[in-house]
Amino acid sequence: MNVAIVGGGIGGLATALAMIQAGFKVTVYERSAKLVDLGAGITLAPNATRVLYHLGLGPTLEETAVTPPQTEYRHYRTGAVIMRLMTKDFRALYGAPYLRLHRWDLQHAMITRLAAVAPGALRLGFSVDRLESSGEHVTLRFANGQVETADIVIAADGIRSAIRETLFNPAPPGFAGFVAWRGLVDTSQLPPHLQESAVAFGHGRHINRYLVRRGELLNFIAVARRDKWEAEGWTIPAPLDEFLAEFSSFDEGTRTIISKPVLGQVFKWGLFGRPWLEQWSAGRVVLLGDAAHPMLPFLGQGAANALEDAMILTRCLASESNPERAFALYQKTRASRVRAATEQAARRGERYLGEPNADSLKGNEPGEEYAYDAVGGPLGG
Ligand SMILES: Cc1cc2nc3c(=O)[nH]c(=O)nc-3n(C[C@H](O)[C@H](O)[C@H](O)COP(=O)(O)OP(=O)(O)OC[C@H]3O[C@@H](n4cnc5c(N)ncnc54)[C@H](O)[C@@H]3O)c2cc1C
């Protein structure tokens, strides 16, 4: 079966690796001419790393990943510890670790692996303009004028998926009422007591910070409420003084950290959502990752769910030769879990931006979601 994947993000690359491992012929079409470092961190819970280790990426990720011994929840103004979450031995509990990484270290590992196992499978500068289905084939028409055909198309084209809009839901994503800033700090610029994992919250805002890349960098994401937001994209630079003013009521340690981003650079973007979609496939085209089910970032499970999708979809296609039946099995396997995560992420967002006390943080301890096994768990459940 000749498989076209649209989108070379975490979901698309993981799907390509999983499908090649299962013996499929795969091409990934990515609209960007170059995949670049967006300067951000990512948390990978055991349900995500289980997939990445299965794809052979574990040793490479371990070269730079950080596992924090604990994460502290702190009062935004005083810095007082409200709750301390100790990192458990997740390898012993679930057979897979909890890792924090520079996002580029993850993407780079995936791109390098794909180039090794399927040279030429990733085609950059291919922006899908239109899909046309006829019988057992789908034709992909690209903005660069090229035309390709495939037996199935997996649309991993992100929250702004044009394929989703064409096939199912013409409404664009809606602003979720939160604005986020991100930055990286060179830890050599920080005193040792600030080189740690912590979330400071209160006053309708929170700042999550954690170490990445062997502890050489500290990643922070700061979130505040907003009524409206118009600009688009992940790479909109924000004036540093405007950002610092927004969080000026935070404790001194947090303010020290956020005042020192690498090159004085912070980026700002709006958080968006989409209504829940009941149907993820049409004929020989299926949605995956944020294209199918974007979720707010407060649970740290968006990429994890894209990785689970990648593994489950591959297993469904390997066990069921009719693609439409395989897509139905994939959605049946995934829908309730993804929906629960989406709703939990939204609830956590409310708690993070509510009153800073132990009650408002209840339920933040990881639960059974970390145990989910996309590699060997049952299909169809
Ligand atoms: C602030 C923030 C923090 C987060 N933190 C975490 C975290 O700690 N842990 C976690 O698990 N998740 C996290 N997430 C969520 C995670 O980043 C996303 O869920 C994940 O990146 C989705 O991957 P994807 O491959 O589905 O989409 P994307 O990563 O958006 O990739 C889509 C790709 O498709 C390409 N594309 C789009 N249109 C076309 C087209 N027409 N033709 C060809 N290519 C196209 C794009 O260029 C892009 O490369 C976070 C999200 C945010 C916003």
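Which helices and strands each supply at least two residues of the shell around the ligand? I began with this question in the model, which is a predicted one, and I noted that helix H1 (10-21) and helix H9 (302-319) do so, together with strand S2 (25-30) and strand S3 (41-44).

Next I looked up the shell itself, in which 30 residues surround the ligand, and I wrote down Gly11, Glu30, Arg103, Trp269 and Asp290 as the closest. Sorting the shell by residue class, I found 13 nonpolar residues, 12 polar ones and five charged ones.

In the side chain of Asp290, an N or O atom is 2.8 Å from an oxygen atom of the ligand. At Gly300 I noted a backbone N or O atom that lies 3.2 Å from an oxygen atom of the ligand, whereas at Ala303 a backbone N or O atom lies 2.9 Å from a nitrogen atom of the ligand. For the cover, I recorded that the ligand on its own has 1000 Å² of accessible area, of which the protein covers 87%.

Last, I turned to backbone angles. Arg214, in the loop between strand S14 (205-212) and strand S15 (217-225), has a positive phi of about 55° although it is not a glycine. Leu263, which is likewise not a glycine, has a positive phi near 60°, and I placed Leu263 in the loop between helix H8 (252-258) and strand S17 (266-273).

How values were computed
Residues are numbered from 1 along each chain as its sequence is written. This is a predicted model: local features need pLDDT of at least 70, side-chain atom pairs count only at pLDDT 80 or more; totals for chains, interfaces and linings use all residues. Side-chain values use heavy atoms; hydrogens and water are left out. A residue is near a molecule or strand if one of its heavy atoms lies within 4 Å of it. A polar contact is a pair of N or O atoms within 3.5 Å; within protein, one must be able to donate a hydrogen and the other to accept it, and residues adjacent in sequence count only if both atoms are side-chain atoms. Accessible areas come from the Shrake-Rupley method with a 1.4 Å probe; for residues, only the protein chains shown count as cover. Helices (H or I, at least four residues) and strands (E, at least two) are DSSP runs, numbered from the N terminus. Ala, Val, Leu, Ile, Met, Phe, Trp, Tyr, Cys and Pro count as nonpolar, Asp, Glu, Lys and Arg as charged, and the others, Gly among them, as polar.
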